[in-house]
Amino acid sequence: MGSGRAAAKKSLAAAVFLEKMLTAGNSISSGIEMLAALERADSEEGFTTIDPLETDTLSGNASFIKSGAAPSFVKRGTKLFKIRSKTFPLGILEDVDAERTTFSCQDGDKIIMLSDGVTEDNEEPLWLCEFLSQTDLSAPDAAKKIICEAKKHTLGRDDMSAAVITVSKIVD
């Protein structure tokens, strides 16, 4: 998507579009197909990376649907799992190039989602894996800590965003 105001505007439009499609009852697959068609029809050069997280609270499963997105992570106790795909952003190819990765959530899992500005398109950011493994991600400011650490290890050429989601089992 790039960086700066134009990229932020394009990102917001894609997010709002997908939100509207999903709240109207469409499947995530349909929403992605429609967004890809819009990207291909866009007269301005550009593309859109997507990284939705879909959760099923009944089964306890979650899925990442990645298209050109930065890797995400799941921290389970002391173990760190990287979830990535080698896909192209929407709008580059004629067909949608998205990959779904499904996993079973466990109570206490930390799901870490990042923009590519945090990893600078590096699929193997060793500093990030070490940081996530050693950091208490239960803190309310965990995402802010990730961004602060990223600023120490990257050139800061792109916007950075991070989200840390805690999976909690609700007991009646």
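Tutor: Helices (H or I, at least four residues) and strands (E, at least two) are DSSP runs, numbered from the N terminus. This is a predicted model, in which local features need pLDDT of at least 70 and side-chain atom pairs count only at pLDDT 80 or more, while totals for chains, interfaces and linings use all residues. Residues are numbered from 1 along each chain as its sequence is written, and side-chain values use heavy atoms, with hydrogens and water left out.

Student: In which helix is Thr119 found, and is Thr119 buried or exposed?

Tutor: Thr119 is found in helix α3. Buried means under 20% relative accessible area, exposed over 50%, and partly exposed in between, with a 1.4 Å probe and protein chains only. Because its relative accessible area is 5%, Thr119 counts as buried.

Student: Leaving aside its neighbours within four places in sequence, with which residues is Thr119 in contact?

Tutor: Contact means heavy atoms within 4.5 Å. Once the neighbours within four places in sequence are left aside, the residues in contact with Thr119 are Ala70, Pro71, Leu114, Pro125 and Leu128.

Student: Where around α4 do its buried residues lie?

Tutor: The buried residues in α4 are Trp127, Leu128, Phe131 and Leu132. They cover an arc (that of the directions from the helix axis to the C-beta atoms) of only 125 degrees, so they lie on the same side of α4. Leu126 and Gln134 are exposed on the other side of α4, whereas the buried residues pack against β3 (72-76), β4 (79-83), β6, α3 and α5.

Student: What do the buried residues of α5 pack against?

Tutor: The buried residues of α5 are Ala142, Ile146, Ile147, Glu149 and Ala150. Their arc around the axis is only 165 degrees, which puts them on the same side of α5, and on the other side Lys144, Lys151 and Lys152 are exposed. The elements that the buried residues pack against are β6 (110-114), α3 (116-119), α4 (126-134) and β7 (162-166).

Student: How many degrees does the arc of the buried residues of α1 cover?

Tutor: In α1 the buried residues are Ala7, Lys10, Ala14, Leu18 and Met21. They are on the same side of α1, because around the axis they cover an arc of only 65 degrees.

Student: What is included in the cover of these buried residues of α1, and at what angle do the axes of the two helices cross?

Tutor: What covers the buried residues of α1 includes α2. Axes are lines fitted to C-alpha atoms, for helices over the stretch in contact, and angles run from 0 to 180 degrees between N-to-C directions. The axes of α1 (residues 5-23) and α2 (residues 28-41) come within 9 Å, and they cross at roughly 140 degrees.

Student: How many nonpolar, polar and charged residues make up the contact of α1 with α2?

Tutor: From α1, Lys10, Ala14, Phe17, Leu18, Met21 and Leu22 meet Ile28, Ser30, Gly31, Ile32, Met34, Leu35, Leu38 and Glu39 of α2. Ala, Val, Leu, Ile, Met, Phe, Trp, Tyr, Cys and Pro count as nonpolar, Asp, Glu, Lys and Arg as charged, and the others, Gly among them, as polar. The residues of this contact therefore divide into 10 nonpolar, 2 polar and 2 charged.
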